[in-house]
Amino acid sequence: MRHTISLLVENKFGVLSRISGLFSGRGYNIESLSVGETIDPQISIMTIVTSGDDQIIEQITKQLNKLIDVIKVIDMTELDHVEREMVLIKVAPRHEDKAEVLRLAEIFRGRIVDSSQKTYTIEITGDEKKIEAIVELLKPMGIKEFVRTGKIAIAREGVKK
Amino acid sequence: MKMTGAEIFLESLKKEGVKYIFGYPGGVVLGIFDLLYDNKDIQLILTRHEQGAVHAADGYARSTGKPGVALVTSGPGATNTVTGLATAYMDSIPVIVFSGQVPTALIGNDAFQEADIVGISRPCTKYNYLVKDVKELSLIIKQTFYIATSGRPGPVLVDLPKDVTVSKTEFTWPELNIRSYKPTYEGNKWMISQAAHLIAKSKKPVILAGGGVVLSGASKELKELAEYTEIPVTMTLMGLGSFPGTHSLSLGMPGMHGTYYANKAIQESDMLIGIGVRFDDRVTGKIDAFAPHAKIIHIDIDPTSIRKNVRVDIPIVGDVRRVLLVLNKILKEEVKEQWSEVRKAWLKQIDEWKRERPLTYTYSDEVIKPQFVVEKIYELTKGDAIIATEVGQNQMWTAQFYKFDKPRMWLTSGGLGTMGYGFPAAIGAQIAHPNKLVIDIAGDGSIQMNIQELATAIVHKLPVKVAILNNHYLGMVRQWQELFFNERYSYSELYSHVVPDFVKVAEAYGAVGFRAIKPSEVEPVLKEAFKIKKTVFMDFIIDWKEKVYPMVPAGAPIDQMLFEEPKEKAEKKLKAVK
């Protein structure tokens, strides 16, 4: 099963490689990873999406906890939480599809952040299903480039499953 | 007063109580070596290879319980420590390596003797540091010693760029607080009480004691538990000495080359108490068939060890000694059983297994059997020697036939299986225990992997004894080739009965060399060697056909064992296992 794990880590050089090294060294899989500073500049937060059976996920969280630079490990999947990801999609539609592209962007609450004679760049934020859906719809129009941030997640306040 | 990084380094080591550093000089660490030249508090033991330095620090650590320290230069000096670090990491040994590094301004420029040792050693250390500012140095050294020795111990590497050792700052000895590192020492009381009640209910329990018992200093508490509840104890390779091998409740070692009765007891048990173990594949054999009827209690300080390899019914995370103290108290005060009544049938069964298939070998008058050498060493030392081994047959025969009654007398590379470990480790132990008899039981293959350390032993006048069980083969490789590769001995013959002449090698370095060819010569050679206060090599020309038995083929359940028996019978069994 897929799990989204949040990590609070010391904001030091080499920490990312300790974490990615742990995953590669033990044969675990990283589907996406995003890192950024928290309000406290000495601490970074990482969101890692990984997959495995219960035993593997248990090992992953324990192994992460064991790393000296990891302050806290939260398996978001066990909590009620919100997940978001942002993608930037550059579409190069045929002339007759241009209106459809704009319409889709609107339906998905996307924003056109750049346009040229031949392309539109759309910014979309949402959960995985929403992003998959718009990608499916835009594919026939001609996706030229596609960039995604990787997932970030936050627990809903006070609600535990 | 302002001090240079090199001065702060030595001052910090002094504050940590370091007396010996095992090391090797080179370009970027010359500043530190210059200070060591007339330092009164810390002595440097110059090895002949950086790998030897780390293994020696490891042997020092294992035999004392204190951290072992090594100091090497950048580049090749640093990369030569990797095997030693990985060895210590697998066996949870507090080894600390300080490596020189090129000046910070040159890092990343492919400078002369530059290697990214922090990157290279990351997966084989508990933690590592690159010191970027001399102001951080004393704090990093303090953290290093704390991390290496606390929780589940392990090796730490500190990379010291040359400019950091030269620049100056005010020396302070800071307080420690690592917010992201807080090992769990106290076990969960409710879980321990659950364990106690489960122990009371079990009819056929077995204790599996590992290296964690030694590391945590819990031998007394383990003995109390075993004796009070009358539970037999089997000790893993790393756990030998954690419980007396001569005790009537001892089952010896389990697993691939374990005793018949240890493996039988585990497989038949209704409860297995794993204490400071990690259920290595050499112990469990086929994991799905391991201890099939047993409930498993697992006590370990490292939560990742629990449920990594085997299912666990009662997990207890904590320091083994502290957990056992609580467990023993609950058993005595709350549970109170008529243990001897409860255990009668089980202990009788174990005695039958012990009688049915004791550890044994066929003695010969003609040719020296390796087990005979180990037995003689045990007899002559009365078990009161520090024993190191290399890896392979020599290691297994020693584990089987030398009875360890006390912890920290046994130095062997268990997890990584590092050939070339034993001799430098013995040197490290001899430095720590100048008046103890320290013996490395080696093979002719392994001893050649760090044979240059003879010079270290001679120069420092260390009376280390090396007993080479010379079968002119990589014996364990040959054994597997005989059993599993149709006797095709591909590149396992070393011709060590011809080259090198170990007696002459010893003499060339200024050590004493003996050779024994006949069984009758074994005892006189050992006696003579133990009498001399010098480094001695003993070349025992052993029966090259001798194999380590019992043996569980890799991947088989641990009760499917091969014994020393007629070829046809063994082949039939092998077929069934394959």
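Predicted model: local features only at pLDDT ≥ 70, side-chain atom pairs only at ≥ 80, totals over all residues.
Leu8(A) stands opposite Ile45(A), a residue of strand 3 of chain A. Strand 1 and strand 3 (residues 43-51) of chain A run antiparallel to each other and are joined by 9 bridges.

**The sheet in chain A**

Both strands belong to an open sheet of 4 strands in chain A, with the order 2-3-1-4 and antiparallel pairing. At its edges stand strand 2 (32-37) and strand 4 of chain A; each has a single partner strand, so one side of each is left without a neighbour in the sheet. Neighbouring strands of this sheet are turned by 15 degrees against each other on average, direction ignored. Helix 2 of chain A packs on the sheet and touches strand 1, strand 3 and strand 4 of chain A. The direction of this helix makes about 160 degrees with that of strand 4 of chain A.

Stepping back, chain A holds 4 helices and 9 strands. Along the sequence they follow the pattern β-α-β-β-α-β-β-α-β-β-α-β-β. The C-alpha atoms of chain A fill a box of roughly 55 × 35 × 30 Å along the principal axes.

**The sheet in chain B**

Chain B has an open sheet too, made of 5 strands in the order 10-9-11-12-13, and here the pairing is parallel. Strand 10 (233-235) and strand 13 (314-317) of chain B are the edge strands; each has a single partner strand, so one side of each is left without a neighbour in the sheet. From one strand to the next, the twist averages 15 degrees.

Strand 12 (residues 295-300) of chain B is joined to strand 13 of chain B by 4 bridges, and the two run parallel. Within this part of the chain, Ile299(B) has Ile316(B), in strand 13 of chain B, as its bridge partner. Helix 9 (residues 189-201) of chain B lies across strand 11 (271-275), strand 12 and strand 13 of chain B. This helix runs at about 135 degrees to strand 13 of chain B.

**Where the chains meet**

**Salt bridges**

Side chains of opposite charge can pair when their charged atoms come close. The count over all chains comes to 43 salt bridges, and the count between chain A and chain B is 3 salt bridges. Here are two examples.

| Salt bridge | Distance between closest N and O atoms |
|---|---|
| Glu128(A) and Arg2(A) | 2.4 Å |
| Arg307(B) and Glu58(A) | 3.0 Å |

The salt bridge of Glu128(A) with Arg2(A) links distant parts of the chain: Glu128(A) sits in helix 4 (residues 128-138) of chain A and Arg2(A) in strand 1 (residues 2-10) of chain A, 126 residues apart.

Notes. Residues numbered from 1 in each chain as written. Chains lettered and ligands numbered in written order. Heavy atoms only, no water. Pairing = 2+ DSSP bridges. Axes fitted to C-alpha atoms, helices over the stretch in contact; angles between N-to-C directions. Contact = heavy atoms within 4.5 Å. Salt bridge = Lys/Arg side-chain N within 4 Å of Asp/Glu carboxyl O.
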